[in-house]
Amino acid sequence: MASGSCSDAPVAVRVRADGYSISVCTDEAVQDRALAADVSAGLRSIPKDLPPKWFYDDEGSRLFGAITRLPEYYPTRREHEILQRAAPEIATLSGAGTLVELGSGFSHKTRLLLDAMAAAGTLEGFVPFDVNQTALRATAAAAVEAYPDVAVHGVVGDFGADLRSIPGGDRRLVALLGGTIGNFPGPERRKFLAEIASLSSAGETFLLGADLVKDRSRLLAAYDDDAGVTAAFNRNVLGVINRRLDADFEPRRFTHVVTYDEETQRIEMWLRSDGAQEVYVRRLDLRVSFDDGEAMRTEISAKFRPTQIGDELEAAGFSVLAQWLDAAGDFSLTLARRGDGPPP
């Protein structure tokens, strides 16, 4: 497996430990600068808006793990169900020797893919890619323990800047699981898929997990659980800003709100100000006023129809090989192959 590089990033550190290697394309200082830019722009926009990638500090990652086990949150269980059935077929159809996993950590779902590739006799490399270095190290260490003969090379990076740092490999399968693709607005999603295609050699494959359109009551419940775990996860982003940009948000003065837009087929998560208040972000020397009831958007999660997924992949330059749904029709996995030519 050829090593990746972070030539376009300020940080390009190779760390070798316990049988794996890591390229650090974005460290905490780089992330702080990116966070500062996003917060500065987001708090000045109308409506106020923050990108969902900032949820995932260590506490946010812990809370999201708890969310995936909630009875209301079906996507993780449905995707796992599909992979239990389809992983051997995915390994065969892809013929992949290297699994590149974008962002979802070393979950049991990933093990299903790696096990299937190992059983097919093709598994040679594993490349976890994540912005959280703590999670990535745990992922890499667990992979080395489970697959001692497999080359493991992690990349600490951001989807928006560091995809080109993913190392080359023999017949790569790139996987974006968990419905993460829904966090991209339409234009950004199309750009992201086209970039994945441009980084893939002819014949390499892409596995995409996507949540499907369904009854709005089930969608809303999945993002607003009775135990309040998702609300804590949502408010945690304010703690991230407080800690890293020396702000004085009071998370308890914001209410977690979830909406679903039928026309755009997307869930939106918001934090609504309980009363008029002013927040000071010291690192930015920025004072921001919130009116009583004013809401700041913190996440979008688009839902898809199966044919829409195929259409978007083909527009990016892929050819769909197969698509699987769970028994309830809640979630989909789509396997696509990069063609010989550039995207149309």
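Me: Hi! How many cavities of 30 Å³ or more does a search of the whole structure find?
Reply: Two cavities of that size turn up. On a 1 Å grid over the protein atoms alone, a cavity is a set of points where a 1.4 Å probe fits but cannot get out, and lining residues have an atom within 4 Å of a point. Grid points are joined across faces, edges and corners, and a volume is the space filled by probe spheres set on the points. This is a predicted model, where local features need pLDDT of at least 70, side-chain atom pairs count only at pLDDT 80 or more, and totals for chains, interfaces and linings use all residues. Residues are numbered from 1 along each chain as its sequence is written, and side-chain values use heavy atoms, leaving out hydrogens and water.

Me: What volume does the largest cavity have, and which residues line it?
Reply: Its volume is about 60 Å³. The lining is made of Leu-163, Ile-166, Arg-172, Val-174, Ile-196, Leu-199 and Ser-200.

Me: And the second largest cavity, which residues line that?
Reply: The second largest cavity is lined by Ile-181, Arg-189, Leu-208, Ala-210, Phe-304, Ile-309 and Glu-312. Two or more of these lining residues come from each of β7 and α9 (306–316). Helices (H or I, at least four residues) and strands (E, at least two) are DSSP runs, numbered from the N terminus.

Me: Let's switch to Asp-211. Where is it found?
Reply: Asp-211 sits in strand β7, residues 205–211.

Me: Is Asp-211 buried or exposed?
Reply: Asp-211 is buried, because its relative accessible area is 3%. Buried means under 20% relative accessible area, exposed over 50%, and partly exposed in between (1.4 Å probe, protein chains only).

Me: Which side chain does the Asp-211 side chain join in a polar contact?
Reply: That of Tyr-74, at 2.7 Å. A polar contact is a pair of N or O atoms within 3.5 Å; within protein, one must be able to donate a hydrogen and the other to accept it, and residues adjacent in sequence count only if both atoms are side-chain atoms.

Me: New topic: which residues touch the most other members of the largest nonpolar core?
Reply: Leu-43, Phe-249 and Phe-290 do, in a core of 36 residues. The largest share of this core, seven residues, comes from α8. A nonpolar core is a set of buried Ala, Val, Leu, Ile, Met, Phe, Trp, Tyr and Cys residues joined through side-chain atoms within 4.5 Å.

Terms used
On a 1 Å grid over the protein atoms alone, a cavity is a set of points where a 1.4 Å probe fits but cannot get out, and a pocket is an open set with protein on both sides within 12 Å along at least five of seven lines; lining residues have an atom within 4 Å of a point.
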